[in-house]
Amino acid sequence: MKRAIYPGSFDPVTYGHLDIIERAAKNFDEIIVSVLNNKTKTPLFSVEERVNILKEATKDIPNVKVESFSGLLVDYAKSRDVHLIVRGLRAITDFEYELQNAQTNALLSKESLDTIFFATRLEYAYLSSSSVKEIASFGGDISMCVPEFVSKLVYEKFGYEKK
Ligand code: PNS
């Protein structure tokens, strides 16, 4: 069975993430979307909220599972007996960071964990969770960035009524 982990902060999940999840799910028997529980960051959504949002957003893709993890990705992947990480690449600006992470994870796992990259579709190349939060914090339109139920939850966090 071909399984892969798609890790990330997903704060919040965007159409760009969902596109990667859909495409990865077509190429693997199981995709585990794994939300990092990073105690050093102050996210907009708690890890439980992010997991629930992702579960709702991927409910129609049967081979997608959503979990959270903390600590090192290599340890988490080992605990799930998974040897492949999926990440999206939007632009050259992502490349250095992603390459460094992929190489570090390969080293830490003694070469038992590989990373595979999906090129982000052009229409989502500009999208990031950070820009979604910034736009929403000023009451701007995020309907082209996230599903409607997510945009409602984001606006609620910033004290706005549904747009
Ligand atoms: O969505 P993000 O914030 O770009 O995802 C980054 C993530 C979660 C993939 C990365 O920060 C990660 O794997 N963190 C877990 C800690 C870890 O294993 N660090 C070593 C890799 S260099």
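I take helices (H or I, at least four residues) and strands (E, at least two) as DSSP runs, numbered from the N terminus.

**Entry: ground rules.** This is a predicted model, so I need pLDDT of at least 70 for local features and 80 or more for side-chain atom pairs, while totals for chains, interfaces and linings use all residues. I number residues from 1 along each chain as its sequence is written, and side-chain values use heavy atoms, with hydrogens and water left out.

**Entry: the segment after α6.** I looked up Glu161 and found it in the segment after α6. Is Glu161 buried or exposed? Glu161 counts as exposed, at 71% relative accessibility. My cut-offs are under 20% relative accessible area for buried, over 50% for exposed, and partly exposed in between (1.4 Å probe, protein chains only). From Glu161 I also checked Gly139, 22 residues away along the chain. Their C-alpha atoms are separated by 9.5 Å.

**Entry: helix α6.** I turned to α6, residues 148-157. Which of its residues are buried? I list Val150, Ser151, Val154 and Tyr155. Seen down the axis, these buried residues fall within an arc of 135 degrees, so they line one face of α6. The arc is taken over the directions from the helix axis to the C-beta atoms. An α-helix has 3.6 residues a turn, so residues three or four places apart point the same way. The buried residues of α6 pack against α2 (47-57) and α5. For contact I require heavy atoms within 4.5 Å. Gly159 follows α6 and has a positive phi, near 80 degrees.

Entry: Rolling a probe the size of a water molecule over the atoms shows where empty space is left. I work on a 1 Å grid over the protein atoms alone. A pocket is an open set of points where a 1.4 Å probe fits, with protein on both sides within 12 Å along at least five of seven lines. Lining residues have an atom within 4 Å of a point. Grid points are joined across faces, edges and corners, and the volume is the space filled by probe spheres set on the points.

I get about 1,100 Å³ for the largest pocket. Its lining has 40 residues. Which of them lie nearest the centre? I note Gly8, Ser9, Arg87, Tyr97 and Glu98. Two or more lining residues come from each of β1 (3-8), α1 (15-27), β4 (84-89), α4 (92-108) and α5 (129-137). The largest share, 8 residues, is from α4. By class I have 15 nonpolar, 17 polar and 8 charged residues in the lining. Here Ala, Val, Leu, Ile, Met, Phe, Trp, Tyr, Cys and Pro count as nonpolar, Asp, Glu, Lys and Arg as charged, and the others, Gly among them, as polar.

Entry: I stopped at the loop between β1 and α1, where Phe10 lies. Phe10 has a positive phi, near 50 degrees, and is not a glycine. Phe10 counts as buried, at 3% relative accessibility. Pro12 lies in the loop between β1 and α1 too. A cis peptide bond joins Asp11 and Pro12, with omega about 5 degrees.

Entry: I then went to Asp81, in the loop between α3 (73-79) and β4. Its phi is positive as well, near 55 degrees. Asp81 counts as exposed, at 55% relative accessibility.

Entry: I found Glu67 in strand β3, residues 64-69. Glu67 is buried, at 15% relative accessible area. What does its side chain meet? I find a polar contact of 2.5 Å with the side chain of Tyr76. Another, of 2.8 Å, goes to the side chain of Arg80. A polar contact is a pair of N or O atoms within 3.5 Å; within protein, one must be able to donate a hydrogen and the other to accept it, and residues adjacent in sequence count only if both atoms are side-chain atoms. Leaving out residues up to four places away in sequence, Glu67 touches Ile32, Val33, Ser34, Val35, Val51, Tyr76 and Arg80.

Next I took Asp19, in helix α1. Asp19 counts as buried, at 5% relative accessibility. Its side chain makes a polar contact of 3.2 Å with the side chain of Arg121. With residues up to four places away in sequence left out, Asp19 touches Arg121 and Tyr124.
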